[in-house]
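Reader: Please present the structure, and let us then discuss its aromatic rings.

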Amino acid sequence: MLIHVGKNRNVAIDLRLAIWLSLVAGAVNAAGFRALGYFSANMTGNVSTASDMLALGRWLSALWFLSLLAAFVAGAAVSALLIDAGRARRIHGVYALSIVAEAVLLLILAALDLAFPIAVGGRVMMVGLSFLMGVQNAATTRISDGRVRTSHVSGIATDLGIELAAVLRRGNAQGARATAMRSRLKLHAATLAAFFGGGVAGVLGYERIGPWVFVLVAVVLLALALPELRRVHGAGAR
């Protein structure tokens, strides 16, 4: 799911990508909120809160929420630049490498959270998590040609509504077009459900093991990406 690009992808591959990485995004977003009171992936909410703070004259609070937006954008930009550089150099598995990089950075942030009190490392942690969500969202968007966005819940819900209306309007339509509509509906529904489920798991995990939940999420990312890298490099060696 992290190797196939463009015409080599199918609905099943996109569905696996959406479910696993939406689970990760939901867990990181919810656990971060449980720990620090801010969302690392909810840029709609962060921008709205920043505008509210700015209107009330609370400049520092507004700048804080805008810094989360800036970190998310920076993560997406860095991810896209690295992917482009890797593809230009014909580096196999560049998308899987981006997920490995995300996991390593998440381990570093988890170590920071474990080593320092929230008063010292909390803001760095939140900026770092927003950066990572930008990295992941850009990677999944690029590899799926925009079909999968793991943390963009407003967009996912909108797409779900559009596809639901299309299916209801066409009723018992048959053929390739009808199959494509139902596949998109299934993809968006699964993405939304996985993000929700990941959020529940993230909060429950943080309640029980604290910052170690971020370590577990990083292990999941590595478990997803490393076998893909071994497979593509093994195939290249043959």
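Reader: Which residues form one aromatic cluster?

Author: This is a predicted model, in which local features need pLDDT of at least 70, side-chain atom pairs count only at pLDDT 80 or more, and totals for chains, interfaces and linings use all residues. Residues are numbered from 1 along each chain as its sequence is written, and side-chain values use heavy atoms, with hydrogens and water left out. Rings of Phe, Tyr and Trp (its six-membered ring) pair if their centres lie within 6.5 Å; planes under 30 degrees apart count as stacked, over 60 as edge-to-face and the rest as tilted. One aromatic cluster is formed by Tyr 38, Trp 64 and Phe 65.

Reader: How many aromatic pairs does the structure hold, and what is the geometry of Tyr 38 with Trp 64?

Author: The total is four aromatic pairs. Among them, Tyr 38 and Trp 64 have centres 5.3 Å apart and planes at 75 degrees, and the pair is edge-to-face.

Reader: Why is the pair of Tyr 38 and Phe 65 edge-to-face?

Author: The ring centres of Tyr 38 and Phe 65 are 5.6 Å apart. Their planes stand at 70 degrees, so the pair is edge-to-face.

Reader: Is Trp 64 buried or exposed?

Author: Buried means under 20% relative accessible area, exposed over 50%, and partly exposed in between (1.4 Å probe, protein chains only). Tyr 38, at 23%, is partly exposed. Trp 64 has 9% relative accessibility and therefore counts as buried.

Reader: Which residue lies over the face of Trp 64?

Author: A charge sits over a ring if NZ of Lys or CZ of Arg is within 6 Å of the ring centre and within 35 degrees of the ring normal. At 4.4 Å from the ring centre of Trp 64, the residue over its face is Arg 123.
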